[in-house]
Amino acid sequence: MPIRRRRLLTSAAAGLGAASVGPFVIRDLRAQDVLKIAGIHDTSGGLDIYGKQMVATMDLAVSEINAKGGLLGKQVKLINYDPQSNIQFYTQYATEAATKEKVAVVHGGITSASREAIRPLLKRFNTLYFYNTLYEGGVCDRNIFCTGSTPAQTVEKLMSYVMKKWGKKVYTIAADYNYGQITAKWIKKYTQDNGGEVVATDFFPLDVTDFGPTIKKIQAAKPDLILAPLVGAAHISFYRQWAAAGMNKQIPLASTTFGNEVVITSPEEHNGIHVVFGYLEGINTPENKAFVETIHTKYNIPHMTELAAMTYHGVHLWAEGVRKANSIDRMKVIEALESGLTFAGPAGKTTLDAKTHHNILDVYIGEAKDKKFVVLEKFPVQTPADTAAVCDLKKNPNDNKQYVIDVKT
Amino acid sequence: MTAPILQTRGLTMRFGGVIAVNGVDFSLQEAELRCLIGPNGAGKSTFFKCLTGQLRPSHGDVLFRGHSIAGSQSHAIARHGVGIKTQVPSVFDGLSVRENVWLAAARVNPGRLADTMTDAALQRVGIGAIAGRMVGQLAHGQRQLVELAMVVAPEPDLILLDEPAAGMTDDEVDRLVDLIKELNKRHALVVVEHDMQFIRRVARTVTVFHQGAILVEGDVADILVDARVRDVYLGRQAA
Amino acid sequence: MSRLLPVLGNIAVLVAGLAALFGLPAFAETYVIINATIFASFAILALSLALIWGYAGILCFGQAAFFGLGGYTYAVAAINFGDTTGAAALAVALPALFAALLGYFMFWGRISDVYLGVITLTVSLILYRFVNQTAGEQWNIGEAPLGGFNGIPSTPILNWPGRPGEQLAPENIFSLAAGLLILVYFGCKALLATRFGRVVVAIRENEARVALLGYDTRRYKLAIFVVGGAVAGLSGLMFANSVFVSPTMFSLPVSGQIIIWVIIGGLGTLIGPVIGCILMQVLTNWLGTLNQVPGFGWVDPNLVLGVILMVFVLLVPKGLMALAADAVRWVVRNLPFPRRGKVPEGRKGDVRSASATGSHLESVHTSPFRRFAPPSPSGGRKSSA
Amino acid sequence: MDYAAILALQICSAVASLVLISLGLAVIFGMMRVINLAHGEFLMLGGYAAITAYNNGVNLWLAMLIVAPLTVGLFGIVVERLIIRHLYGRLIDTMLATWGLSLAMIGFVTVVFGNTVSGISAPLGSLTIGAYRTGAYEVFLVLVAAVLLVAGWAVLRFTRLGLIARGTMQNAAMAAALGVSPSLVYAVTFGVGAALSGLVGGLLAPLSGVVPTIGAAYIAKAFITVISGGAAILSGTAIASGLLGTINTAMTFAFTPVLGEVALLAAAVILLRILPQGITGRFFQRSL
């Protein structure tokens, strides 16, 4: 109790902004005996559909680690922050986690914007950072590990698979932001590599819900297949309107982002859509089945995406690093993680690549079927070739930026 | 005869199908005092609004010292030296009496001079005692006086008063009559009023409005016994 | 006594401001300083709307447009120039210029009330839509990519004037933001005390009368609108230095949140919106950590904010400052010891409206007594005869 | 030729969609001079009501056409009693209060339903026009918009209720003169406006799905359309929707969806500059 009172006094003396945290967070008083880590995921606001499942898998991973006796003889304590889908709070919470709670590692960030908001901060405060979301690739910074898949890992496999199956004329409709723009370029590249042609590419801001005009434009262009890296709740309307026009029976569709949408849309709307991810719930292994069962029942999460699974992998990979380094010292853990550490889990075997700090992972092509994904084909051990083209942290350990990968088409 | 300070030629204001002011030819000499009477809806207030730029006349012209001001913005007309007290007191409720009057004085006079002019206007209208009160909390008659002080403070050449005596106590009306007479020594005035007692006390020449047009114009004594005026105005009011 | 109150109030604000300015960097932890920097930059934003809405009666539903423009101007210019000093100046100048154009467009078209709100809202939406779709390379301005939805994460931090590369430390950024906040606050006070300021307040009270006195109200409204735009731009600049620029700076929730701060703090005051802003920031910040407290996981920030806003509009329409003033007065009136000279009954009302913040020009002009007034197309917080 | 037909259909569809999302707001604004910023959330609530009813075994059409408007209409009456009633004549205050309501509704629905709710597929299948296919449901919505406009006109023109409503639009005291208490008129108006929003929310659910934040996608457009249209409920909304919807679709087809959206917004700004009281503030003043 005395500790807590002193805290209150100092924060009151600090004046401005003191009440922002402090007394309301129930703290473990045996502060010396726990090892704190932080998760920053949006569990309210527009992104909460992803944030909630990431918090669940992170919590599961931490409780598994603790059940086995914790790390370095200490229990791991997880501090969750909810930035409410607002970039500003990412900045505030990352600073708080790093300087006030002095956590050993921060996992979190969903959009690239949120990652780029906290990456420089965490580097400045010497706090290790794991970003567990699939994204456009190109981040090159020794303080961050990116465990999600990037377009070169997924789009290549998907394009050759679907073009073999459906045809050579591709129409791309992509979300209008970095991820969509870059993924559209990769789609164009691999379409051409497979001897096909992208007849048109349309970009949609994330809040567009009316796709009527586009659906008519697509019909005028008569493509063999649609590639749809669409993102977010508003874009789900596309799949509904596409099906309502009866087009889902006419022109097949593949996506690099159609994940949780499978729960929200109906089978008539989504059956047959092909996807590619570093993880699918339909992966048929005992580990995965147990994992899915726990998350569904214990955490009441209806469906998991790659983001949730890679968060789980990310936490375990970090724990492996700490065990190997036998320390939570940032540089020692980074060096341990760079030694080719692996974690085999629900998504298969994942290995951190020392040169790029990205994940070497198994990639799965799946098909949406009755609110689930069926795995059609597995492509093991895919390397992050896109990021590797611009980033070599072995050679340039002080690199610190996100490269825009120049896709040659 | 010298050039008039204010003249309108065929001034017309139409709202949709309603003609509120209909081809009015009106003329006012420098330093003249004119009273405007007429039944409710005769178009007096609309006439004032056309003169001060609050409404843009549909047809016709308004000349101020030979200079056309029809359709000019309110502020531009005010800058020519036209001040108006509107029918419903138009004042700043959230400000003090002094601030109200100061704003009027400060438009024409910079710095300290504005303060002096403000005090002078407050004294002249006789509201120096309530200078610190918020206007929003004053009685109707007092608000009328505040607006009067605002009109007087910048010393305009032409003063338009729309029902200045409404809501005033007898004492206040007495002071108003004196004030109007005093103002008339240097300024031209047009006064709209319903109170015939009041008209008798201040008026020399009276113009009668009826259905948007000038019915008759003449000496106050003649007008008040005019049968037509009685019919449209006094008669109707009696009924 | 009544002349002393505003002076005391100003001194109190100044002391509190200076205490934060010098106390925080010396004693507080980094995260408090970073939070406080964000609060200070938002407080400047709150002042920009407090000025044009609370004093000039111009309800701008798109104040975020100037905020975002300030941030983006700074980021793009700083990336291209290398040195940030010129970029900082531009970040204030460009929003001011934009406000001048928009203000000319609106005020010379005699647009007011809700229509003005719709136009400002729409303009901010256009900017939001535009910036949101600039992810492609064709939208690079010089060296600077606009970045679309993701914004410009590599927004450079201010450097010492003339010494590119020597960035300000977080403590310096905080001192700058807090210093600017104090400066803007007293700048607004001074501005409102001038003839210009008084005319602006008079326009809020009764625009037609101001025009009939011979003032060209459009020019005054335009001028105060430009000042508001410049102040919002300044706030955007400081925000860019404490977070980074992204299209959400232009978004409806940001515009809305400024309005909430002003309403909660008190329309027609300057200190109220600053306090409202800081309180709301602290509250939302706290809500984000609530899910760690067992039993509070269901509290949704939107739910809490929405209820607070409704409660204030319905029950505390004059805002916290007036509420606090009422409370103080109640305590004073019920003090057990006798006072020298009683307030005469007739003057009570006088005291009520004038002393909410200590100055006549700051009087709060919302009337809680108009509850059942008939609907009118203009309505709002302006009084009508 | 097919392309021209499909383009025309698309324009009709865009116009109808603006009419639908604006109508509830327009009724409340036209009659009461109240801007309901929770309008988007009323639509959202309609969507949730329809989907929840459908998932509990209610017939889809019943859920969309009866359950949704009834639920939201009743909710609207409660809101009017608790909040709006105290703020009449204070346009800005009602906007702020209803905006608070909108945030609270988003929060509340998120707490109750979470951010994930399974949608409904659009009924009626698809239509073939030459080489093109389009959702029959889209055409159905165009018809609904037309029916609502015509029905609204008929009610206002020919019924006693319409007489009272027209009276209130011109002058609130008129309702009292007709022997109806204005307070009742307002409660009913708000209820009808809310019910319309609920109906539309239910009808749009199969196309756009529902999430708690879906209202944000509608409110700005509805707000802009209603204000551009001016005070006349039906003609204002119809004309403004026609103009803005056509501009939007034309620009979308010619260029990109973003440009279509920006063109819509820019057109509204220019419109308001030229006609500061909205289209029906200048023209067609006597229309409904």
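**Briefing: core, interface and sheet**

Leaving aside neighbours within four places in sequence, C:Ala46 is in contact with C:Ile258, C:Trp261, C:Val262, C:Pro273, C:Val274, C:Gly276 and C:Cys277. The model is predicted.

**Nonpolar core**
- The largest nonpolar core has 445 residues, and C:Ala46 is one of those that touch the most other members, along with B:Ala149, C:Ala43, C:Ile44 and C:Leu47.
- Helix α2 (residues 30-55) of chain C gives this core its largest share, 20 residues.
- From chain A, at least three residues come from each of domain 1 (28-149 + 285-361 + 382-402) and domain 2 (151-277).

**Chain D against chain C**
- In this pairing, 39 residues of chain D are in contact with 44 residues of chain C.
- On the chain D side, α4 (91-113), α9 (215-229) and α11 (257-274) are the elements that give two or more residues.
- The largest share of that side comes from α4(D), with 16 residues.
- By class, the chain D side has 28 nonpolar, six polar and five charged residues.

**Sheet in chain B**
- Four strands of chain B form an open, antiparallel sheet in the order β2-β1-β4-β5.
- Its edge strands, β2 (18-28) and β5 (67-68), each pair on one side only.
- Two bridges join β4 (residues 59-64) of chain B to β5(B) in the antiparallel sense, and B:Leu63 stands opposite B:Ser68 in β5(B).
- Helix α1 (residues 44-51) of chain B lies across β1 (6-15), β2 and β4 of that chain, at about 65 degrees to β2(B).

Note on methods. Residues numbered from 1 in each chain as written. Chains lettered and ligands numbered in written order. Predicted model: local features only at pLDDT ≥ 70, side-chain atom pairs only at ≥ 80, totals over all residues. Pairing = 2+ DSSP bridges. Contact = placed C-beta atoms within 7 Å. Axes fitted to C-alpha atoms, helices over the stretch in contact; angles between N-to-C directions. Nonpolar A, V, L, I, M, F, W, Y, C, P; charged D, E, K, R; others polar. Core = buried A, V, L, I, M, F, W, Y, C linked by C-beta atoms within 7 Å. Buried ≥ 20, exposed ≤ 12 C-beta atoms within 10 Å, placed from the backbone. Domains from an automatic or database assignment.
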